[in-house]
Amino acid sequence: MLKDFRAFLMRGNVVDLAVAVVIGAAFGTIVTSFVKDLLMPPIGLALGGVNFEDLFVTLSGGSYPSLAAAKAAGAPTLNYGIFINTIINFVIIAFAVFLLVRQMNRWILKPGAGPKECPFCASMIPFKAKRCPQCTSQLAAA
């Protein structure tokens, strides 16, 4: 059983997935820092000196100058400023993943390289095929 588990772990797709998780976590940290430290301060300044980290609503009805003061007092809060930062993080990461997948599809799936459908039997066949391996129909030149 231990030998099977080792073989499972050493398969290419499991190792690739592990590498992707580690790189993804590091990328997420970079994006979080970018949003928190570089993107939101100028946006907050443009909106009149707003610190998004301190945008919150106190559920207990008290008034606190900052989120840290409310947490120190033990007040329950809705931290919508931090939520806005998290949404911006997600949008940036989702867009970066979209760009990465789009570019990889351009590199891997060249136009005309993928399978096509046989017009006679509707089976999927290689793009360059001249005869269908399923129904043996002669195909038009591609």
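How many residues does α4 have, and how far does α4 reach from its first C-alpha to its last? In this predicted model, where local features need pLDDT of at least 70, side-chain atom pairs count only at pLDDT 80 or more, and totals for chains, interfaces and linings use all residues, α4 has 29 residues and reaches 41 Å, close to the 42 Å expected at 1.5 Å a residue. That expected span is 1.5 Å times one less than the number of residues in the helix. Residues are numbered from 1 along each chain as its sequence is written, and side-chain values use heavy atoms, with hydrogens and water left out.

Helices (H or I, at least four residues) and strands (E, at least two) are DSSP runs numbered from the N terminus. On pLDDT, the predictor's confidence in each residue from 0 to 100, the protein averages 86, and 94% of the residues score at least 70.

Back in α4, Gly81, Asn85 and Asn89 are buried, buried meaning under 20% relative accessible area, exposed over 50%, and partly exposed in between (1.4 Å probe, protein chains only).

The largest pocket holds about 210 Å³ of space, and α2 (12-46) and α4 (80-108) are the elements that give two or more residues to its lining. A pocket here is an open set of points, on a 1 Å grid over the protein atoms alone, where a 1.4 Å probe fits, with protein on both sides within 12 Å along at least five of seven lines; lining residues have an atom within 4 Å of a point. Grid points are joined across faces, edges and corners, and the volume is the space filled by probe spheres set on them. Ile23, Gly24, Phe27, Gly28, Ile93, Ala96, Val97 and Leu100 line the pocket. The lining splits into 6 nonpolar residues, 2 polar and no charged; Ala, Val, Leu, Ile, Met, Phe, Trp, Tyr, Cys and Pro count as nonpolar, Asp, Glu, Lys and Arg as charged, and the others, Gly among them, as polar.

As for cysteines, the structure holds 0 disulfides, a disulfide being a pair of cysteine sulfur atoms within 2.5 Å. Cys118 sits in the loop between β3 (116-117) and β4 (124-125) and is buried at 1% relative accessibility. Its closest cysteine sulfur, in Cys132, is 3.7 Å away, too far for a bond. The sulfur of Cys121 likewise has its closest cysteine sulfur in Cys132, at 3.6 Å, too far for a bond.
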